[in-house]
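This report is written for a reader who is meeting the structure for the first time. Please keep the sequence and the model at hand while reading.

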Amino acid sequence: AVEVMNKLEVVGGYADGSFNPDGTLTRGAAAKIICNILVGPETASSLAANTAPYSDVPVNHTFAGYIAYCAEKGIISGYADGTFRPAATLTGYAFVKMLLTGLGYDQGIEGYTGTNWAINVAEDAVEKKLTDGLDGKFVGNKAITREEACLFALNALMAETVKYENKGSNIVIGGVEINTAAGDAKDTGKLL
(Lines give C-alpha, C1' and ligand atoms only; values in the text may rest on other atoms or scores of the structure.)
Protein backbone atom coordinates (compact mmCIF):
# COMPACT_ATOMS: atom_id res chain seq x y z
CA ALA A 1 0.00 0.00 0.00
CA VAL A 2 2.84 2.39 0.82
CA GLU A 3 4.51 1.72 -2.52
CA VAL A 4 1.29 2.21 -4.49
CA MET A 5 0.31 5.38 -2.63
CA ASN A 6 3.83 6.73 -3.20
CA LYS A 7 3.71 5.96 -6.96
CA LEU A 8 0.27 7.60 -7.21
CA GLU A 9 1.76 10.61 -5.36
CA VAL A 10 -0.94 10.40 -2.69
CA VAL A 11 1.57 10.03 0.14
CA GLY A 12 5.27 10.80 0.02
CA GLY A 13 8.26 10.21 2.18
CA TYR A 14 10.64 12.61 3.84
CA ALA A 15 13.59 14.54 2.41
CA ASP A 16 16.04 12.01 3.87
CA GLY A 17 14.47 9.21 1.80
CA SER A 18 12.64 7.59 4.71
CA PHE A 19 8.91 6.95 5.01
CA ASN A 20 8.52 6.23 8.74
CA PRO A 21 5.64 3.76 8.37
CA ASP A 22 5.11 3.47 12.13
CA GLY A 23 4.95 7.25 12.61
CA THR A 24 1.56 8.65 13.40
CA LEU A 25 -0.45 10.52 10.82
CA THR A 26 -1.31 14.14 11.58
CA ARG A 27 -4.68 15.77 10.97
CA GLY A 28 -3.16 18.07 8.35
CA ALA A 29 -1.52 15.18 6.49
CA ALA A 30 -4.83 13.30 6.59
CA ALA A 31 -6.54 16.23 4.83
CA LYS A 32 -3.82 16.14 2.16
CA ILE A 33 -4.31 12.41 1.58
CA ILE A 34 -8.06 12.86 1.26
CA CYS A 35 -7.62 15.65 -1.31
CA ASN A 36 -5.05 13.64 -3.26
CA ILE A 37 -7.38 10.66 -3.61
CA LEU A 38 -10.48 12.75 -4.37
CA VAL A 39 -9.16 15.29 -6.89
CA GLY A 40 -5.71 13.94 -7.76
CA PRO A 41 -2.30 15.15 -6.57
CA GLU A 42 -1.85 17.79 -9.26
CA THR A 43 -5.18 19.50 -8.58
CA ALA A 44 -4.81 19.02 -4.83
CA SER A 45 -1.40 20.69 -4.80
CA SER A 46 -2.94 23.82 -6.31
CA LEU A 47 -5.69 24.10 -3.70
CA ALA A 48 -5.41 27.34 -1.78
CA ALA A 49 -7.23 28.89 1.13
CA ASN A 50 -8.41 32.44 0.49
CA THR A 51 -9.14 32.88 4.18
CA ALA A 52 -7.85 30.97 7.18
CA PRO A 53 -10.08 27.89 7.47
CA TYR A 54 -9.40 27.70 11.23
CA SER A 55 -7.76 30.05 13.72
CA ASP A 56 -4.64 27.85 13.89
CA VAL A 57 -4.43 27.29 10.10
CA PRO A 58 -3.37 30.56 8.44
CA VAL A 59 -3.64 30.82 4.64
CA ASN A 60 0.12 30.22 4.29
CA HIS A 61 0.08 26.98 6.34
CA THR A 62 1.46 23.94 4.48
CA PHE A 63 -1.89 22.17 4.65
CA ALA A 64 -4.22 25.21 4.46
CA GLY A 65 -5.57 24.46 0.97
CA TYR A 66 -6.21 20.82 1.77
CA ILE A 67 -7.85 21.63 5.09
CA ALA A 68 -10.02 24.35 3.53
CA TYR A 69 -11.18 21.98 0.77
CA CYS A 70 -12.04 19.19 3.21
CA ALA A 71 -13.84 21.61 5.54
CA GLU A 72 -15.88 23.06 2.68
CA LYS A 73 -16.89 19.57 1.53
CA GLY A 74 -17.91 18.57 5.08
CA ILE A 75 -15.24 15.89 5.30
CA ILE A 76 -13.55 17.40 8.35
CA SER A 77 -14.50 19.68 11.17
CA GLY A 78 -12.54 21.55 13.75
CA TYR A 79 -12.95 21.90 17.45
CA ALA A 80 -15.44 24.04 19.36
CA ASP A 81 -12.72 26.61 20.06
CA GLY A 82 -12.33 27.32 16.32
CA THR A 83 -9.07 25.40 15.91
CA PHE A 84 -8.23 22.41 13.73
CA ARG A 85 -4.94 21.31 15.34
CA PRO A 86 -3.25 20.20 12.10
CA ALA A 87 -0.17 18.79 13.86
CA ALA A 88 -2.23 16.61 16.21
CA THR A 89 -2.66 12.91 15.58
CA LEU A 90 -5.98 11.33 14.76
CA THR A 91 -7.47 7.94 15.44
CA GLY A 92 -8.21 5.25 12.93
CA TYR A 93 -11.92 5.95 13.49
CA ALA A 94 -11.42 9.61 12.58
CA PHE A 95 -9.45 8.81 9.44
CA VAL A 96 -11.88 6.20 8.08
CA LYS A 97 -14.73 8.61 8.86
CA MET A 98 -12.97 11.13 6.62
CA LEU A 99 -12.55 8.50 3.91
CA LEU A 100 -16.18 7.38 4.11
CA THR A 101 -17.38 10.97 3.95
CA GLY A 102 -15.05 11.57 1.02
CA LEU A 103 -16.61 8.58 -0.73
CA GLY A 104 -19.97 10.33 -0.41
CA TYR A 105 -21.50 8.89 2.75
CA ASP A 106 -23.60 11.43 4.63
CA GLN A 107 -22.45 11.74 8.25
CA GLY A 108 -25.94 12.47 9.58
CA ILE A 109 -27.73 9.72 7.69
CA GLU A 110 -25.07 7.10 8.41
CA GLY A 111 -24.76 7.99 12.10
CA TYR A 112 -21.18 9.31 11.93
CA THR A 113 -22.03 12.00 14.47
CA GLY A 114 -23.31 11.82 18.02
CA THR A 115 -22.60 9.45 20.85
CA ASN A 116 -22.01 6.21 18.95
CA TRP A 117 -20.39 7.60 15.82
CA ALA A 118 -17.29 5.43 16.15
CA ILE A 119 -19.35 2.22 16.17
CA ASN A 120 -21.13 3.20 12.97
CA VAL A 121 -17.88 4.27 11.32
CA ALA A 122 -16.15 1.03 12.30
CA GLU A 123 -18.99 -1.10 10.96
CA ASP A 124 -19.06 0.75 7.65
CA ALA A 125 -15.26 0.76 7.33
CA VAL A 126 -15.20 -3.01 7.67
CA GLU A 127 -18.27 -3.51 5.43
CA LYS A 128 -16.84 -1.26 2.70
CA LYS A 129 -13.49 -3.09 3.05
CA LEU A 130 -11.50 0.03 3.96
CA THR A 131 -9.61 -1.93 6.61
CA ASP A 132 -8.87 -5.02 4.49
CA GLY A 133 -5.26 -6.13 4.58
CA LEU A 134 -4.52 -5.37 8.23
CA ASP A 135 -2.33 -7.90 9.98
CA GLY A 136 -4.79 -7.88 12.85
CA LYS A 137 -8.15 -6.41 13.66
CA PHE A 138 -9.08 -2.80 13.13
CA VAL A 139 -8.35 -0.93 16.37
CA GLY A 140 -9.84 2.43 15.58
CA ASN A 141 -9.33 4.12 18.94
CA LYS A 142 -5.54 4.31 18.63
CA ALA A 143 -3.56 6.86 16.65
CA ILE A 144 -3.36 5.79 13.01
CA THR A 145 0.08 5.15 11.56
CA ARG A 146 1.28 6.39 8.18
CA GLU A 147 1.38 2.81 6.92
CA GLU A 148 -2.22 2.12 8.01
CA ALA A 149 -3.30 5.39 6.39
CA CYS A 150 -1.81 4.23 3.09
CA LEU A 151 -3.64 0.92 3.32
CA PHE A 152 -6.98 2.53 4.14
CA ALA A 153 -6.52 5.16 1.40
CA LEU A 154 -5.66 2.47 -1.16
CA ASN A 155 -8.76 0.53 -0.15
CA ALA A 156 -10.83 3.72 -0.44
CA LEU A 157 -9.56 4.21 -3.99
CA MET A 158 -10.99 0.80 -4.85
CA ALA A 159 -14.26 1.29 -2.94
CA GLU A 160 -17.51 2.45 -4.48
CA THR A 161 -18.38 6.12 -4.21
CA VAL A 162 -21.99 6.86 -3.39
CA LYS A 163 -24.64 9.46 -3.99
CA TYR A 164 -27.97 9.69 -2.23
CA GLU A 165 -31.02 9.73 -4.45
CA ASN A 166 -33.17 11.28 -1.74
CA LYS A 167 -31.64 12.58 1.45
CA GLY A 168 -35.05 13.36 2.91
CA SER A 169 -35.57 16.19 5.32
CA ASN A 170 -34.43 16.79 8.86
CA ILE A 171 -36.58 17.95 11.74
CA VAL A 172 -35.49 18.83 15.24
CA ILE A 173 -37.55 17.63 18.18
CA GLY A 174 -36.36 18.43 21.67
CA GLY A 175 -32.86 19.15 20.43
CA VAL A 176 -32.59 15.83 18.59
CA GLU A 177 -32.24 15.94 14.80
CA ILE A 178 -34.22 13.28 12.97
CA ASN A 179 -33.98 12.49 9.27
CA THR A 180 -37.55 11.79 8.20
CA ALA A 181 -36.90 10.09 4.89
CA ALA A 182 -33.27 9.17 4.50
CA GLY A 183 -32.57 7.99 1.00
CA ASP A 184 -30.40 5.08 0.08
CA ALA A 185 -26.80 5.56 -0.91
CA LYS A 186 -26.37 4.35 -4.49
CA ASP A 187 -23.01 3.25 -5.87
CA THR A 188 -21.66 5.68 -8.47
CA GLY A 189 -18.31 4.16 -9.38
CA LYS A 190 -14.80 3.95 -7.99
CA LEU A 191 -12.12 6.56 -7.53
CA LEU A 192 -9.46 4.39 -9.15
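This is a predicted model: local features need pLDDT of at least 70, side-chain atom pairs count only at pLDDT 80 or more; totals for chains, interfaces and linings use all residues.

## The packing of α5 against α7

Two packed helices are described by the angle between their axes and the distance between the axes. Helix α5, which spans residues 92-102, packs against α7 at an angle of about 65°, with the two axes lying 9 Å apart, and the crossing of α5 past α7 is left-handed. On the side of α5 the contact is made by Tyr93, Ala94, Val96, Lys97 and Leu100, while α7 contributes Trp117, Ala118, Val121, Ala122, Asp124 and Ala125.

## Aromatic rings and charges over them

The structure holds five aromatic pairs. In one of them, the rings of Phe63 and Tyr66 have centres 6.3 Å apart and planes at 50°, so this pair counts as tilted; both Phe63 and Tyr66 are buried. Another pair, formed by Tyr93 and Trp117, is edge-to-face, with 6.3 Å from centre to centre and 80° between the planes. Because Tyr93 lies in helix α5 and Trp117 in helix α7, this pair ties together parts that are 24 residues apart in sequence.

Are Tyr93 and Trp117 buried or partly exposed? Tyr93 has a relative accessibility of 21% and therefore counts as partly exposed, and Trp117, with a relative accessible area of 25%, is partly exposed as well. Tyr93 and Trp117 also belong to one aromatic cluster together with Phe138 and Phe152. Over the face of Trp117 lies Lys97, at 4.8 Å from the ring centre, and elsewhere the charged end of Arg85 sits over the ring of Tyr79, 3.7 Å from the centre of that ring.

## The covered helix α4

Helix α4, made of residues 64-72, is mostly covered, since seven of its nine residues are buried. These buried residues are Ala64, Gly65, Tyr66, Ile67, Ala68, Tyr69 and Cys70, and what covers them includes α2 (27-39) and α3 (41-45). Just after α4, Gly74 takes a positive phi of about 75°.

## Thr145 in its loop

Thr145 is placed in the loop that runs between α7 (117-127) and α8 (146-157). With a relative accessible area of 13%, Thr145 is buried. When its neighbours within four places in sequence are left aside, Thr145 is in contact with Pro21, Asp22, Gly23, Thr24 and Leu25.

Key:
Residues are numbered from 1 along each chain as its sequence is written. Side-chain values use heavy atoms; hydrogens and water are left out. Helices (H or I, at least four residues) and strands (E, at least two) are DSSP runs, numbered from the N terminus. Buried means under 20% relative accessible area, exposed over 50%, partly exposed in between (1.4 Å probe, protein chains only). Contact means heavy atoms within 4.5 Å. Axes are lines fitted to C-alpha atoms, for helices over the stretch in contact, and angles run from 0 to 180 degrees between N-to-C directions. A crossing is left-handed if the near helix is turned anticlockwise from the far one by less than a right angle, and right-handed if clockwise. Rings of Phe, Tyr and Trp (its six-membered ring) pair if their centres lie within 6.5 Å; planes under 30 degrees apart count as stacked, over 60 as edge-to-face and the rest as tilted. A charge sits over a ring if NZ of Lys or CZ of Arg is within 6 Å of the ring centre and within 35 degrees of the ring normal.
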